[in-house]
Amino acid sequence: MTNNYSDTLFEEMKLLAKFPTKSHLEGIKVHNEAGPSVISAAKSLFEKGLITRDDGGYLTDSGIEIADHLHRVLAPLS
């Protein structure tokens, strides 16, 4: 089943899950020392309009909605 999903998608999901969804005043910063897959995931999330900067920043309104759904899926699995 996971054959249908790219490694990039999983990296995006892992990064998106790190964003807090309770406050619009909290974000994250992806540093230059981060792995290439994390940097690529941040850029992709930015291009999709889910975060405000290509190196992290804050969740956009769409990003908050998607991250909230992601947290709901992950919570019972962890």
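## Salt bridges and helix faces in a predicted model

Aspartate 68 forms a salt bridge with arginine 72, with the closest N and O atoms 2.7 Å apart. A salt bridge here is a side-chain nitrogen of Lys or Arg within 4 Å of a carboxyl oxygen of Asp or Glu. By this rule the count comes to five salt bridges.

This is a predicted model, in which local features need pLDDT of at least 70, side-chain atom pairs count only at pLDDT 80 or more, and totals for chains, interfaces and linings use all residues. Residues are numbered from 1 along each chain as its sequence is written, and side-chain values use heavy atoms, with hydrogens and water left out.

**The pair in helix 3**

- Aspartate 68 and arginine 72 are four residues apart in helix 3, so about one helical turn separates them.
- Helices are DSSP runs of H or I with at least four residues, strands are DSSP runs of E with at least two, and both are numbered from the N terminus.
- Aspartate 68 counts as partly exposed, because its relative accessibility is 24%.
- Arginine 72 counts as exposed, at 55% relative accessibility.
- Buried means under 20% relative accessible area, exposed means over 50%, and partly exposed lies in between (1.4 Å probe, protein chains only).
- Elsewhere, salt bridges that share partners join Lys29, Arg53 and Asp55 into one network.

**Other salt bridges**

- Side chains of opposite charge can pair when their charged atoms come close.
- Aspartate 55 is buried, with a relative accessible area of 15%.
- Arginine 53 counts as partly exposed, at 48% relative accessibility.
- Another salt bridge joins the side chains of lysine 48 and glutamate 12, at 2.7 Å from N to O.
- That pair links distant parts of the chain, 36 residues apart: lysine 48 sits in the loop between helix 2 and strand 2, and glutamate 12 sits in helix 1.

- Glutamate 12 counts as buried, because its relative accessibility is 6%.
- Leaving aside neighbours within four places in sequence, glutamate 12 is in contact with Ala41, Ser44, Leu45 and Lys48.
- Contact means heavy atoms within 4.5 Å.

**Helix 2**

- Helix 2 spans residues 36–47, 12 residues in total, and reaches 16 Å from its first C-alpha to its last.
- That reach is close to the 16 Å expected at 1.5 Å a residue, where the expected span is 1.5 Å times one less than the number of residues.
- Ala41, Ala42, Ser44 and Leu45 are buried in helix 2.
- These residues lie on the same side of helix 2, because they cover an arc of only 165 degrees around the axis.
- The arc is that of the directions from the helix axis to the C-beta atoms.
- The buried residues of helix 2 pack against helix 1, strand 2 (51–53) and strand 3 (56–59).
- The face turned away from the buried side of helix 2 carries the exposed residues Pro36 and Glu47.
- Glycine 49 follows helix 2, and the phi of glycine 49 is positive, near 80 degrees.

**Helix 3**

- Helix 3 covers residues 61–74 and has 14 residues.
- From first C-alpha to last, helix 3 reaches 20 Å, close to the 20 Å expected at 1.5 Å a residue.
- Gly63, Ile64, Ala67 and Leu70 are the buried residues of helix 3.
- Seen down the axis, the buried residues of helix 3 fall within an arc of 130 degrees, so they line one face of the helix.
- They pack against helix 1 and strand 3.
- On the other side of helix 3, Asp61, Arg72 and Val73 are exposed.

**A nonpolar patch**

- Tyr5, Phe10 and Met13 make a nonpolar surface patch of about 260 Å².
- Patches are made of residues with over 30% relative accessible area and no salt bridge: like charges are joined within 9 Å, and nonpolar side chains (Val, Leu, Ile, Met, Phe, Trp, Tyr) within 5 Å.
- Accessible areas come from the Shrake-Rupley method with a 1.4 Å probe, and for residues only the protein chains shown count as cover.
- Methionine 13 is in helix 1 (residues 7–18), and counts as partly exposed at 32% relative accessibility.
- Phenylalanine 10 also lies in helix 1, and counts as partly exposed at 32% relative accessibility.
- Phenylalanine 10 and leucine 59 are 49 residues apart in sequence and 18 Å apart in space, C-alpha to C-alpha.
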